[in-house]
Amino acid sequence: MPIIVGVDGSEPSLLAASWAGQEAAIRDAPLRIVHAAVHWAYSVPLVPQPPAWGAGAEAAAREILHQAAVHAQAGRPHLEVTTEIVDGAAPEALVNAAEGAQLIVVGQRGRGGFAELLLGSVSRYVATRAPCPAAVIRHPHASERGEILVGVTGHPDQEPVLDFAFREAALRSAALRAVHAWVYPTAQGPGDMQPLVYDIEAVGEEEALLLAEVIAGWREKFPDVTLIQRVVHEHPATALIDASTDTDLVVIGAHGGARALLGLGGTAHAVLHHSRAPVIVVHH
């Protein structure tokens, strides 16, 4: 299965193309570079209507794809790269292009929108709706740190997230730092009454036990991956953003399917906006 990267000629999209080329080389996968363009003046092709697409627009799109391919193949001359112009508005076109892919990659923001926004609308849409894991790239570290970060909730629906994180660490021969953050005791079922006062150390020990239980099976499945376990008493988004400074990649989970229509969730949204490292969103 290929890796897909969406580009629009902006600097973030060229960074995404370069990162996607590295990831494709690690996975020994073909890389497909796509540029979305609406061939009509409006998204609905009413007739009569002169198309906005022409020789000049196509030449510009081809140049965007060429520059992205150059960035993707830099230092990787044997990487299999194809380029394609896909018709349609970028958000929907990129999500459609990701069908059958093992990963789709986008820059944190592109040419459109407001420069002061940290996360562009296209990146947010792709991270929310993509049918495969979605990587959002923002200022990759200049040198490899040899460590991947994954947020662990302890919920049973997080298995796809942990599977992706461990496999990625194994592919990169990187250590995996599993971070489980908690804020206060949570209800275990309907009607549970939570104490107004509780022993922080005791709860911390319970959360550490939870993390150990969740990770145990994966440690056995990937014995060659160096595992670092961290339990921290703070908001999950804060913990992951702070830890992202020293990692090459952050892997987080988000709800897919119908629940994706409601958004990524507060933690995933915050991490995508503020992480210091590339982020991959894996849907539960």
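Trainee: At what angle do helix α3 and helix α4 cross, and within what distance do their axes come?

Mentor: Axes are lines fitted to C-alpha atoms, for helices over the stretch in contact, and angles run from 0 to 180 degrees between N-to-C directions. Helices (H or I, at least four residues) and strands (E, at least two) are DSSP runs, numbered from the N terminus. Here α3 (residues 90-97) and α4 (residues 121-129) cross at roughly 35°, and their axes come within 9 Å. The model is predicted: local features need pLDDT of at least 70, side-chain atom pairs count only at pLDDT 80 or more, and totals for chains, interfaces and linings use all residues. Residues are numbered from 1 along each chain as its sequence is written, and side-chain values use heavy atoms, with hydrogens and water left out.

Trainee: Is the crossing of α3 and α4 left-handed or right-handed, and which residues meet?

Mentor: A crossing is left-handed if the near helix is turned anticlockwise from the far one by less than a right angle, and right-handed if clockwise. α3 passes α4 in a right-handed crossing. From α3, Ala90, Pro91, Glu92, Leu94 and Val95 meet Val122, Tyr125, Val126 and Arg129 of α4. Those residues divide into seven nonpolar, no polar and two charged (nonpolar: Ala, Val, Leu, Ile, Met, Phe, Trp, Tyr, Cys and Pro; charged: Asp, Glu, Lys and Arg; polar: the others, Gly among them).

Trainee: How do α5 and α6 pack?

Mentor: The angle between α5 and α6 is about 35°, with the axes 11 Å apart, and this crossing is right-handed. Contact (heavy atoms within 4.5 Å) is made by Glu159, Leu162, Asp163, Phe166 and Arg167 of α5 and by Val214, Ile215, Trp218, Arg219 and Lys221 of α6.

Trainee: How many aromatic pairs does the structure hold?

Mentor: Rings of Phe, Tyr and Trp (its six-membered ring) pair if their centres lie within 6.5 Å; planes under 30 degrees apart count as stacked, over 60 as edge-to-face and the rest as tilted. The structure holds two such pairs. Phe166 and Trp218 are stacked, at 6.0 Å centre to centre and 15° between the planes. Phe166 sits in α5 (residues 159-172) and Trp218 in α6 (residues 200-221), so this pair links parts that are 52 residues apart in sequence. The other pair, Phe166 and Phe222, is also stacked, at 5.5 Å and 25°. Phe222 belongs to the loop between α6 and β8 (227-233), so its pairing with Phe166 in α5 ties together parts 56 residues apart in sequence. Phe166, Trp218 and Phe222 form one aromatic cluster.

Trainee: Which residues touch the most other members of the largest nonpolar core?

Mentor: In soluble globular proteins, nonpolar side chains tend to be buried together. A nonpolar core is a set of buried Ala, Val, Leu, Ile, Met, Phe, Trp, Tyr and Cys residues joined through side-chain atoms within 4.5 Å. The largest has 46 residues, and Leu31, Ile33, Val105, Val150, Leu176 and Val251 touch the most other members. Another core, of 35 residues, lies apart from it and includes Ile104, Val136, Leu240 and Val279.

Trainee: Where does Arg27 lie, and what is it in contact with?

Mentor: Arg27 lies in helix α1 (residues 11-27) and is buried, at 18% relative accessible area. Leaving aside neighbours within four places in sequence, Arg27 is in contact with Ile3, Gln102, Phe164, Glu168 and Leu171. The C-alpha atoms of Arg27 and Glu168 are separated by 9.0 Å, although the two are 141 residues apart along the chain.

Conventions. Buried means under 20% relative accessible area, exposed over 50%, partly exposed in between (1.4 Å probe, protein chains only).
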